[in-house]
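Come along and look things up with me.

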Amino acid sequence: MKIERDFRIRIVLPSDLQLKQAKLFCCWQLKHLLREYEHIVKQRLQQSADLFSFILELKTVLEVCLKSRPECRSMPPPQYYTQLISEMETLGWDKMLSIDTNFQTLKLKAEDSGGRQHVLNIKLKSKHPIEAPECSADLPIPLNINWTPQSTLDQLHSQFLLVLESLAEFWDVLDEIDRKTWVLEPEKPSRSDTMRQIAIRDNVSIRVDVDPRHPKMLPECCLLGAEHVVTPLRNKLNANMHIWNPDTSVLHNLRDVLEIEFPSSATHEKSSFSAECGICYSYRLETSVPDQVCNDPRCGQPFHQACLYEWLRALPSSRQSFNLMFGECPYCSKPITVKMATQKS
Ligand SMILES: [Zn+2]
Ligand SMILES: [Zn+2]
C-alpha cells in the first residue's frame, strides 16, 4: 500500500549553517505523528551530513511511523475539518450533543413528535463525505441511512427524524404500558426493547412482544404463573382474540381480551409482584426473575428456572425426560416440572 501524504515543515538553520543547531517547525499533524519518534529525529539531525540527507532520513522515519500506526494513515486531510465545521453550522449547534477530540465520533440529539429524546451516534470516515458514515441509535429496528457523496449531517439528521416518526406509535404503545402498569421486565426498558413482562397479580404476569412495524396488532403473548390461574386467562385470550381492535392501544386491548384490570402504581406497590425465589431468596438472578410457579393453588411458590432446575437435578427422586425435569416442589412436595435451564450464549 502506497502512502501519499503532504506535510509542511520549516527548518531554521543558524548563521553558520550547522545542522546540529537547526530548529524544526511543523504542523500539528506531523508533530502528532512524530511524537514517539522525537529522539530519532533529533539524533538524525545531529548525525546527518547535510540538509538533503536529513530530509531523506526524515522521510524514512515518517514512512515507518505511518506504516506502524494504521490510525495515522486514516487521519483525515485538512479539508475534512473545513467541510465538517460547515456541515455542523448548517445542522445547528443545538442539535450537537458531543464530539470527540479527533472530530470523528459525533452524537446528535433528536426529539420525536411525542417529545421523546433520542441520540444518533455517528462515526465519520476520514474520506467523509465520499464514504458513508457509520450510524447507530437505540432503536428496535436496524437504522438504514441513504448516503451519497453529496450528503450532509443535516440530511442525516432529517433522515433520522423520519425513522423516529415511523416508530412513534410503537413507543406510544410501550410508554402507555410503562406508565399504567407494573412492568417486571426489563428493569429499565430502553427504546430498542420490544418486550414487556406486565404484572397481572402476584406471581402471574403476561409477557408481550410488540412488533415495531405493527405496534397495535395483537402482539406475541405468553402468560406466566401457576397453571390454575394461567389456564383461564389463556382461554380468554384465545376466545376473545377476535375483538382485538388495531385502532386502540395494546394495553386497552389486553384489558378487554383478558377481562382484567392491570394493577398499576396507583393501586399497588411493586413489591407485591416481585416475590422472591423460594430457593435463592432473591428476586433478580442475573437477568431472570422467578417465573416458575408451583401449580398447587395452596402453595404457588415462585422460583427461578435455573434455581428450580438445579434443585431438582440434585434430588435422587427426580427424573429427567428430554429437556424436562420432574420432581417435587421444595415447599409443598407436590409434583413440579421445569424445563432444562437454557445455556447462556
Ligand atoms: Zn432463585
Ligand atoms: Zn409447592
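**Entry 1: a term to start with.** I count a salt bridge when a side-chain nitrogen of Lys or Arg is within 4 Å of a carboxyl oxygen of Asp or Glu. With that rule I looked up Arg-207 and Asp-291, whose side chains meet in a salt bridge at 3.3 Å, N to O. I also noted for myself that this is a predicted model.

**Entry 2: the domains.** Next I looked up how the protein is divided. The domain assignment gives domain 1 as 9–73, domain 2 as 78–166, domain 3 as 176–271 and domain 4 as 283–339. I then turned to domain 3 and domain 4, whose C-alpha centres lie 24 Å apart. Their contact takes 11 residues from domain 3 and 12 residues from domain 4.

**Entry 3: the interface of domain 3 and domain 4.** The size of an interface is often given as the accessible area lost when the parts come together. How much do domain 3 and domain 4 bury between them? I found about 860 Å², with 47% of it on carbon and sulfur atoms.

The rule finds three salt bridges across the interface of domain 3 and domain 4. For polar contacts, the count between domain 3 and domain 4 is five residue pairs. On the side of domain 3 that touches domain 4, strand S7 (183–185) and helix H8 (227–240) each supply at least two residues. I sorted that side of domain 3 by class and got three nonpolar, four polar and four charged residues.

**Entry 4: salt bridges in the whole structure.** Side chains of opposite charge can pair when their charged atoms come close. My search of the whole structure finds 21 salt bridges.

One of them joins Glu-57 and Arg-44, with the closest N and O atoms 2.9 Å apart. Glu-57 lies in helix H3 (residues 51–68) and Arg-44 in helix H2 (residues 38–47), so this pair ties together parts that are 13 residues apart in sequence. Glu-57 is partly exposed, at 31% relative accessible area, and Arg-44 also counts as partly exposed, at 25%.

I looked at Glu-169 and Lys-216 too, whose side chains meet in a salt bridge at 3.7 Å, N to O. Glu-169 belongs to helix H7 (residues 168–180), while Lys-216 is in the loop between strand S9 (204–209) and strand S10 (220–224), so the pair ties together parts that are 47 residues apart in sequence. The relative accessible area of Glu-169 is 40%, which is partly exposed. Lys-216 is partly exposed as well, at 21%.

Arg-255 is partly exposed at 23% relative accessible area, whereas Glu-261 is exposed at 61%. I also wrote down a network of salt bridges, which links Asp-112, Arg-116, Asp-172, Asp-175 and Arg-191.

**Entry 5: Glu-176.** Is Glu-176 buried or exposed? At 13% relative accessibility Glu-176 counts as buried, because the cut-off for that word is under 20%. I found Glu-176 in helix H7. Its side chain is joined to that of Ser-249 by a polar contact of 2.7 Å. Leaving out residues up to four places away in sequence, Glu-176 touches Ser-249 and Leu-251.

**Entry 6: Cys-222.** I found Cys-222 in strand S10. Cys-222 is partly exposed, with a relative accessible area of 34%. Beyond four places away in sequence, Cys-222 touches Ser-205, Ile-206 and Arg-207. I also looked up Cys-222 and Gln-197, which are 25 residues apart along the chain and have their C-alpha atoms separated by 9.0 Å.

**Entry 7: Leu-19.** Where does Leu-19 lie? I found Leu-19 in the loop between strand S1 (9–12) and strand S2 (23–26). Leu-19 counts as buried, at 9% relative accessibility. Not counting residues up to four places away in sequence, Leu-19 touches Leu-13, Leu-45, Ser-48, Asp-50, Leu-51 and Phe-54. For Leu-19 and Ser-48, 29 residues apart along the chain, the C-alpha atoms are separated by 7.7 Å.

Note on methods
Residues numbered from 1 in each chain as written. Chains lettered and ligands numbered in written order. Predicted model: local features only at pLDDT ≥ 70, side-chain atom pairs only at ≥ 80, totals over all residues. Heavy atoms only, no water. Domains from an automatic or database assignment. Contact = heavy atoms within 4.5 Å. Buried area = accessible area lost by both parts, 1.4 Å probe. Polar contact = N/O pair within 3.5 Å; in protein donor to acceptor, adjacent residues only side chain to side chain. Helix = DSSP H or I, 4+ residues; strand = E, 2+ residues; numbered from the N terminus. Nonpolar A, V, L, I, M, F, W, Y, C, P; charged D, E, K, R; others polar. Buried < 20%, exposed > 50% of the residue type's maximum accessible area, 1.4 Å probe, protein only.
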